[in-house]
Each structure stands twice: as structure tokens, then as C-alpha cells.
Amino acid sequence: MRPVPPVLRRVLARPLLWWLIAAVFFVHDVVGNLYSAHRPDAFSVIQAGGRWLHDPGAIYAETARHLAQTGFVPIIGLIRPPAVAMLGAPFSLLPTSWQEPAFTLVDALAALAALLIVERHATRAPLERAVFWAIALYAPPLFAEINAGQIGGFVLILACGAMVTIRGRPGLSGALVAAASSLKLYPALMVLGARKRWPPFVIAAVIAGVLINLVAILPLGLGGAWSYVTAVLIPSLKAPNPDCAQTSVVTLFGRSIGGDPYPMINSSGGITMFHSPLHLGVVATVLTAITLVAVVVGAVLGARASGWNPVYGAALGLGLGAILPGEVNPYQYLPLMPLALMVTVAALRKRSWRLLVPVAAGLLTWLQQPCYLPFPNLWTIGALLIFAACIAAADEFRSEATR
């Protein structure tokens, strides 16, 4: 690779440049999200929270009915665990006009606080901090998280708190992972970072997980909890979702060689259906399985190559939550950001272009929303590229493994 010209190197080494870039993206994020008057996902959580307090039997009734009648997941309705309804309960007590804005604001602040936790742990120099925030505020998954009114910020702050405490306080880390996993399952994969201190981590996680879910399930009763699993959770996992915003590994191969149709937004704003001329469904299924297994094996090997660095291992486990699910919207790539930011900072410190280039290339594939790209699963390819670069960075974290 040709060396960077000295003038450009000096410009790129100035923190002020990166802080200005971060400021531009911050304004973009704030202004862009102010235009969203209604967020169906936030509404669903808050509505479920009100029902959790006053009418628990109705939390999943509409979602179960819609799944049974159509086979599709409804736009409005809760499919997440009862702990999410419990999370929405306090916001349901606010005046109606305040509920969605307050929920979205708190989730956004939680996401930023989570990234601040990672920044305090990962960065050392002014340039590293400036680049960290330029990338973090650029990240389209963060914008999409706030725009959709999702719960990823709440999950992320618990997960990042667990990540930075796993070395010194594994019990606390396990409890935080359990709290995050009660909202979304993928933080449970952070156990990958507990290789050296797994007993206190796992014991605390089990105890905290049982207590949190018992409290959340209590208003529903065992019958209501079982109905959620059989009438909502399992059917939702089987439900087809041809939305172009879905960019999982499953849809990557299903659309490219499996012949699965998918809609795209055309230049006039209308919807056009596309499908590959190839219809190799079995091959697509096999390649999907191979890719997912390779990602998991790669994460374990990366954690091992780092000397079982607990923070890096936990970040790898959290990042898996953006790769493994069969349904991945743009905001669901947010769990990959702590790992990508940690690796970017480490590569910047070592001036490792072999790591910086693939991470940057992966992030740039997210520049446009999936439905406006020539092929929506460019997002999937970008995520896999970032994750592969992060696994290749394992050696950069070996020296910190015993700290």
C-alpha cells in the first residue's frame, strides 16, 4: 500500500478535524430525528407498559391475533419479552404527548452514555477520542436506533457497563448482562469474555436473570408467559419478512442466489420488486449455515488469540448479536459498534492500515439506507467485513489480557 502523503497525514492527525466531523454528524442526527413525529416501535413498548400495569392479558393479544391470521409480524404490537413491557411502564404514566419523545430521548441518552463508557475505556490520546466520536456519531445504526424509537440504547448501556466491569467485578458484569438479555437475548453471548472468571459471572447472571424475569412475568402469570412463547415468540421467529430493510445473513444468500423476492424504493419513490435469476435455495441455506458457524468459530478463536482478554471477548460476544439473528434492521447493527470502535482506536494507535481500511470500508457500506442501495444486503457484507477485521485485531488486545 502506498504511504499517505505527509501533508494529508498531518491534516488527518489533527483532533480538531475529527471533532468538526463529529459535530456535523451530531447536528445531522439531532435535526434528522426531530422530524420524526411518530415512532411506532416506541409506541408499542409504551402501550405494552401501560397494559403491564393495568391489563396484562392484553399485552400480546393483538400481536398473537395478527400472527395467527396473517403469518406476519404486525407493525404495531409487542413481540419482545415481558421485561420490555416492564421497561415501558414508567413512560406510560406520563402525559400522552410526552410519552414517545421522553422514551426516545432517554434511549438516545442511554446509547450515548454507553458509547462514552467505551470511549473512556478504549481511548488514551486526544486524536483517538476525536476519531472515536466522529465514527460513533456517523454510524447509521445509531441514527436508525433513535429514529425508530427502539430499545437498543437501554440494552447498550447495560451491555457496555458489563463489558468494562467484567475484568474487575465479574459478578456485577454478569448481573448487567442478565438485565440486558432480559430485553434482548443477544447480550448473553458476552459470556465469551468471562472465560477466566466464569463462575461469579454465570452465577450472578443466572440469579439476576431469574429475578428480573420473574418480576416481569408476575402480572401475566405462568399461563400468560406460556401463551407469549407459543403464540408470539415462536410464530414471530417463523414469520417471513421480505422488507428490504432486513439485511441478515439469511437474506444475503436468500436474495443473491436463493431467488427470494424483495422490494426496493425506486427513484420516483415507488416500490419495485426484485429477485435474482438464480433459484438455488438449498445452496443459499447451506452457505447461510456455513457463514453463521464461521462467524461464531471466528469469534471464539479471536477471543482465544487475544489471550482471553475479557473486555475484547465481551465486545466480540456483543457484536455477534448484530450478525447471527435472522431478522436484522439497520438499528440492529448497533451492538457491533463498541467492538468496531475499540478496534479502530487500537489500530489507530498502532497505525495499522490492514485493520483501519476494512473497518472503514465496512462502515462506508452503511452510508445509504438499505432500501436505497442497488442491493440492500451490502449492509450485511459491510458488517461481516467489520467483524472479520475485528477478529483479525485479536493480537492487538493480547497485551491487555492480564491487566
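Is Ser399 buried or exposed? I looked this up in a predicted model. Ser399 has a relative accessible area of 58%, so Ser399 is exposed. The cut-off for exposed is over 50%.

**Ser399, continued.** I placed Ser399 in the segment after helix H18 (378-392). Then I checked a pair. Ser399 and Ala108 are 291 residues apart in sequence. In space, C-alpha to C-alpha, I got 34 Å for Ser399 and Ala108.

**Thr247.** I found Thr247 in the loop between helix H12 (221-238) and helix H13 (249-256). Why does Thr247 count as buried? Its relative accessibility is 0%, and buried means under 20%. Next I listed what Thr247 is in contact with, leaving aside neighbours within four places in sequence. The list is Val328, Tyr333, Pro370, Pro376, Asn377, Trp379 and Thr380.

**Gln368.** I traced Gln368 to the loop between helix H17 (353-364) and H18. Its relative accessible area is 41%, so I noted Gln368 as partly exposed. Which residues is Gln368 in contact with, leaving aside neighbours within four places in sequence? I noted Leu373 and Trp379. Trp379 is also on my list for Thr247. I looked up one pair here too. Gln368 and Leu378 are ten residues apart in sequence. Their C-alpha atoms are 9.8 Å apart in space.

**Arg195.** I put Arg195 in the loop between helix H10 (170-183) and helix H11 (198-217). With a relative accessible area of 44%, Arg195 is partly exposed. Which residues gather with Arg195 in a patch of positive charge on the surface? I wrote down Lys196, Arg197 and Arg304.

Conventions. Residues numbered from 1 in each chain as written. Predicted model: local features only at pLDDT ≥ 70, side-chain atom pairs only at ≥ 80, totals over all residues. Heavy atoms only, no water. Helix = DSSP H or I, 4+ residues; strand = E, 2+ residues; numbered from the N terminus. Buried < 20%, exposed > 50% of the residue type's maximum accessible area, 1.4 Å probe, protein only. Contact = heavy atoms within 4.5 Å. Patch = residues over 30% accessible without salt bridge, like charges linked within 9 Å, V, L, I, M, F, W, Y side chains within 5 Å. Areas by Shrake-Rupley, 256 points an atom, 1.4 Å probe, with all protein chains shown as cover. Salt bridge = Lys/Arg side-chain N within 4 Å of Asp/Glu carboxyl O. Lys, Arg positive; Asp, Glu negative; His and termini not counted. Charge placed at Lys NZ, Arg CZ, Asp CG, Glu CD.
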